[in-house]
Number of protein chains: 2
Amino acid sequence: GTDAVIGGFGGLFSLAAANSAYHAESPTLIGAIDGVGTKLKIAHTMGIHDTVGIDLVAMNVNDLVVQGAEPLFFLDCYSCGKLDVPTAASFVTGVADGCVQAGCALIGGETAEMPGLFIDETYDAVGAAVGAINTTGPNARKILPDTSAMKEGDVLLALASSGPHSNGYSLVRKVVERSGLSFHDPAPFTMPSFSSSSSSSSSSSTTSPTLGSALLTPTRIYVKPILKALAVPSSTSASSLAIKGLAHITGGGLVENVPRMLPQSLTAVIDASAWQLPPVFAWLKKTGNVSATEMARAFNCGVGMVIVVDQGSEAAVRSLFEAEGETVYQVGTLRARKAGEEGCVVDKLATWDL
Amino acid sequence: GTDAVIGGFGGLFSLAAANSAYHAESPTLIGAIDGVGTKLKIAHTMGIHDTVGIDLVAMNVNDLVVQGAEPLFFLDCYSCGKLDVPTAASFVTGVADGCVQAGCALIGGETAEMPGLFIDETYDAVGAAVGAINTTGPNARKILPDTSAMKEGDVLLALASSGPHSNGYSLVRKVVERSGLSFHDPAPFTMPSFSSSSSSSSSSSTTSPTLGSALLTPTRIYVKPILKALAVPSSTSASSLAIKGLAHITGGGLVENVPRMLPQSLTAVIDASAWQLPPVFAWLKKTGNVSATEMARAFNCGVGMVIVVDQGSEAAVRSLFEAEGETVYQVGTLRARKAGEEGCVVDKLATWDL
């Protein structure tokens, strides 16, 4: 019953195909597993542990929803050298918050104390999410991306990110070190989506957030708006859907994540001037002396999801996302891929140097 | 659709109850997440990484099968400071081997490099397993333990473990340190189930295993024999099943794990003289000067599963397990729990002191 693809997307498992005792219309399951990465080091430095709990859920459920799956449940495993109960409790509060945002159930967790493995009081956290999609019966839907439906002229919409999400944090930490700033200094950039939910940070926080707490802004969870948008019909054919594929922009940025949802025959041409490079990325770029090309490979650079939409349906999809509170950019189109060409070409990267 | 119980068992998720678009006869899903624990430190010392991959699968799938669920798929996440490809590859080979033993699909994995989190070249690994059980329709089965069916006189069978499995390794490492032996010295005890599969260990291994490789004997995976045994009908009532509950003996030993499958009204009375304390545990006990009571709480002490069987059906269940290659002990019975009494009483612990 398995159709395993290691890397790229979550793994698929067909219940109906697995065992004749399961009902033939049982859904296909999709599993994802991931950690938060070195963003945890900043959480450790700041003593803020709830936001990375949200990140843990986000990295997994966003990977499921790009396949068209509804996240069902989540499991987390928190590993440390010596358990500090307030830290672990704060972390799990964030996990629970993320699960609420994603509409999935937190059905289990494990806390492991492993002396001799972790430096100082650091911890690691890994989460797994399981989603489902009806692939048989009257409510059947296609697992995305639907590469066979994609064609030249399809429109690329993008959803704004809330910051670097949970990727590129080794580079973030290098840039901060180079800047000479402490994580406890005021952030030298604004975070539009910064909420005061993590105000437990430090006594020195007055009106503006610290650099550390700004960099801990949790990953945006796109599950609920995307699940709604997946129902939007194509404007050209009522029997097909407007959305043909989605890419969750994680490590590797636009350049590595967008091609994974495309057929070999098509290239995504993205116009980097279609949205403003958010202040946090502009600061990282300038302070770290990072080239625009390197930025596009290390970070989401302001867009957390890129979506392939049937040409003519982009207005309907856009307005649904905007009604759900998302910031939407029309960033490009698909065109025929030339021999030897990359699956994602980002034009006007020079606008990020201004 | 969730019926969450944190700790004890895997979390349950009813697909049918979750969403009216899923078929009413879709199965109930069960998820488990766990790591290998400090056994990884011995793997690191020995440079043997495949057996702990098997342990990772075992800890999760054994937790699912005690609920009566068929493990469907597995996901693993390998985290390290700096990736050593041969180490990670060897580890994943073990994970794949464990999945074959458990009859489940390895549908995804993640490898995370996180500089600054792990001491030296240590790594951590977390796995998640998802299983299913038909709880509606013509093939419906009960999620175990079926505490309402348990009664005084029910028989306790136990399945032999292959060693300490993946629990109690902080104590194991302390005892080894106290012994003055190196992990590369010959093991001062025999491991009946020791196979030469991990013979990549060291050049000094001649005929007998090293202490380190003996202690790395992988956790026994009980999935396939238990799934067969769950079909055995009760000898007293053809409409009910012989097996009413199972306990996977992990951290906390018999004393903490057995009561979790029992109703408040019953106590498991286990006779420690019903099986021989295996040589590895006898060595740990003697060398570490560990009391029998502490042994019963830290280790499985030779039994990896304890099973509640309807009185009169124990011969049928036992012969099925033996035909599947398991070593089976009849270790006790259930009786009415007295006020204030523990859920598991281990008698004749003194035989371990001989």
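**Notes on the domain and chain interfaces**

1. Let me start inside chain A: between domain 1 of chain A and domain 2 of chain A there are zero salt bridges, a salt bridge being a side-chain nitrogen of Lys or Arg within 4 Å of a carboxyl oxygen of Asp or Glu. The rule does find six residue pairs in polar contact across that interface (both at pLDDT 80 or more). A polar contact here is a pair of N or O atoms within 3.5 Å; within protein, one must be able to donate a hydrogen and the other to accept it, and residues adjacent in sequence count only if both atoms are side-chain atoms.

2. Before you go further, some ground rules. This is a predicted model, in which local features need pLDDT of at least 70 and side-chain atom pairs count only at pLDDT 80 or more, while totals for chains, interfaces and linings use all residues. Residues are numbered from 1 along each chain as its sequence is written, chains are lettered from A and ligands numbered from 1 in the order in which they are written, and side-chain values use heavy atoms, with hydrogens and water left out.

3. The two domains of chain A are domain 1 (2-133) and domain 2 (147-165 + 219-353), with bounds that come from an automatic or database domain assignment. Their C-alpha centres lie 24 Å apart. In contact (heavy atoms within 4.5 Å) are 22 residues of domain 1 and 17 residues of domain 2.

4. Together these domains bury about 1,500 Å², 66% of it on carbon and sulfur atoms; buried area is the accessible area (1.4 Å probe) that two parts lose on being put together, summed over both. A:Asn62, A:Val65 and A:Val66 supply 35% of what domain 1 buries against domain 2, more than any other three residues.

5. Now the chain pair. Chain A and chain B each bring 55 residues to their contact, and they bury about 4,400 Å² between them, 68% of it on carbon and sulfur atoms. A:Ile33, A:Ile107 and A:Leu117 supply 15% of the area that chain A buries there, more than any other three residues. You will find zero salt bridges between the chains, but eight residue pairs in polar contact (both at pLDDT 80 or more).

6. B:Lys151 lies in the loop between strand 6 (123-133) and strand 7 (155-160) of chain B, and B:Asp310 in the loop between strand 10 (303-309) and helix 11 (314-323), so the pair ties together parts that are 159 residues apart in sequence; helices (H or I, at least four residues) and strands (E, at least two) are DSSP runs, numbered from the N terminus. B:Asp310 is buried at 4% relative accessibility, whereas B:Lys151 is partly exposed at 45%. Buried means under 20% relative accessible area, exposed over 50%, and partly exposed in between (1.4 Å probe, protein chains only).

7. Two further salt bridges are worth a look. B:Lys228 and B:Glu324 meet at 3.0 Å, N to O; A:Glu341 and A:Arg335 also pair at 3.0 Å, N to O. A:Arg335 is partly exposed, with a relative accessible area of 24%.

8. B:Thr210 is buried, at 2% relative accessibility, and its side chain makes a polar contact of 2.8 Å with that of B:Ser213.
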